[in-house]
Amino acid sequence: MPTPSLASLPIRRLTLRDLTACADLSEDRGWPREEHKWGLLLTAGKGYGIDDPDGGLVAACVVTEYGPREQPALAAVGMVLVAERHARQGVGRRLMRHIVSARGTTPLTLHATPFGRPLYEELGFKVTGRAEMLRGHFVPTGDRVEVATRAATAEDLPSVVRLDEEVFGTDRTHIVTRLPAFADQLRVAEEGGRIIGYAAAWPNMDTHVVGPLIARDTATAEALLASLAARTDRPLRTDIDVRHEELLSWVKAHGLASVASNAVMTYGITELPGDWSRRFAPVTVAAA
C-alpha cells in the first residue's frame with residue numbers, strides 16, 4: 001500500500017482517549033509531556049489532530065471557546081504541535097487554516113513563540129501584547145502582607161465566576177469550575193467580605209503553575225502569589241502580562257527568573273476583551 005500524502009490525511013476531533021498520543025507528540029518536539037494540562041484542554045476545549053498512518057499523531061492543537069456556546073465571544077488556540085518527522089511540510093499551516101475557517105466570525109487569540117509567530121502572521125494574526133514566562137523557587141522576604149487571602153471554598157465559586165467574567169471580558173465558567181479539581185491550590189483575596197481576587201496553582205511536571213491570577217491591583221496579586229508559594233515546595237511557573245511591570249519586578253526580586261517571552265496575538269479583534277489591569281496571568285498560555 002502506498003503511504004498517503006500528508007495533505008490527504010483527514011483532520012479529526014480529539015478526545016481524552018488521545019491524551020497519551022498528545023503527550024507523546026509534546027515529547028517528540030522536546031516539550032514536557034504535560035498530561036495533566038492536556039487532560040484539562042481536551043475536556044474544557046476542542047482538540048483537533050491528524051493521525052499518522054504509522055501510529056501516533058502527525059499534528060494536534062486545542063481550541064478553547066469562551067462565552068455563549070451558540071456564538072462564542074472568543075476562542076483561544078494552543079498546543080499547536082507537528083511531529084518532528086513531518087515538520088516544515090505545511091502541516092501546521094493546514095491545521096491552523098482549518099481552525100480559522102471552522103471558527104467563522106469568532107475572534108481568536110493565541111500565545112506565539114518566536115518560532116511559530118511567522119506562520120500566525122501569514123494567516124492574519126496580529127501581535128497585540130506580550131507575556132513573560134518566569135520560573136523559580138519563590139523566596140519570601142518577610143514583608144508584611146497587606147491583603148488577606150484564604151483557601152477558596154465551594155461557597156466562593158459563584159463570586160469567583162462573576163469576578164472572572166467581569167475581568168476576562170466573557171464567560172469561562174467551564175474553566176473556572178474545573179479549577180477546584182484541576183489545581184492543588186485555589187485561593188481568594190478578600191476585603192470587607194468581598195472577593196477582590198483569586199488565583200490557582202496547578203501541578204505541571206515538577207512545577208506549580210500559577211494561573212489564573214486575577215486581582216484588583218498589584219498588591220492583591222502579590223499577596224495571592226505569595227500565599228500560593230508558601231504552600232508548595234515546588235518551583236513556580238507563571239506567565240505575566242508585560243504591562244504589569246511592578247509585579248514582574250516584584251516576582252524577580254523574589255527568586256523567579258525570566259525564561260521566555262511569547263507574543264500575544266489576535267485574529268478578528270484588535271485587543272482582548274475585559275480589563276487587562278486586573279488580569280495578571282492566564283490559566284495557561286495554551287488557553288489564553
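Let's start with a term: a residue is buried when its relative accessible area is under 20%, exposed when it is over 50%, and partly exposed in between, using a 1.4 Å probe and protein chains only. The model you're looking at is predicted, so local features need pLDDT of at least 70, side-chain atom pairs count only at pLDDT 80 or more, and totals for chains, interfaces and linings use all residues. Residues are numbered from 1 along each chain as its sequence is written, and side-chain values use heavy atoms, with hydrogens and water left out.

Now for the charged pairs. A salt bridge here is a side-chain nitrogen of Lys or Arg within 4 Å of a carboxyl oxygen of Asp or Glu, and the count comes to 25 salt bridges. Take Arg150 and Asp156, whose side chains meet in one at 2.7 Å, N to O. Asp156 is buried, at 8% relative accessible area, while Arg150 is partly exposed at 26%.

Next, find Arg216. Its side chain meets that of Glu191 in a salt bridge (2.8 Å, N to O). Arg216 sits in the loop between strand S10 (207–215) and helix H8 (218–229), and Glu191 in strand S8 (residues 185–191), so the pair ties together parts that are 25 residues apart in sequence. Helices (H or I, at least four residues) and strands (E, at least two) are DSSP runs, numbered from the N terminus. Arg216 also forms a salt bridge with Asp217, their closest N and O atoms being 3.3 Å apart. Arg216 is partly exposed at 32% relative accessibility, Glu191 is partly exposed at 43%, and Asp217 is partly exposed at 28%.

Finally, look for Asp24, Glu27, Arg33 and Glu35, which are linked in a network of salt bridges.
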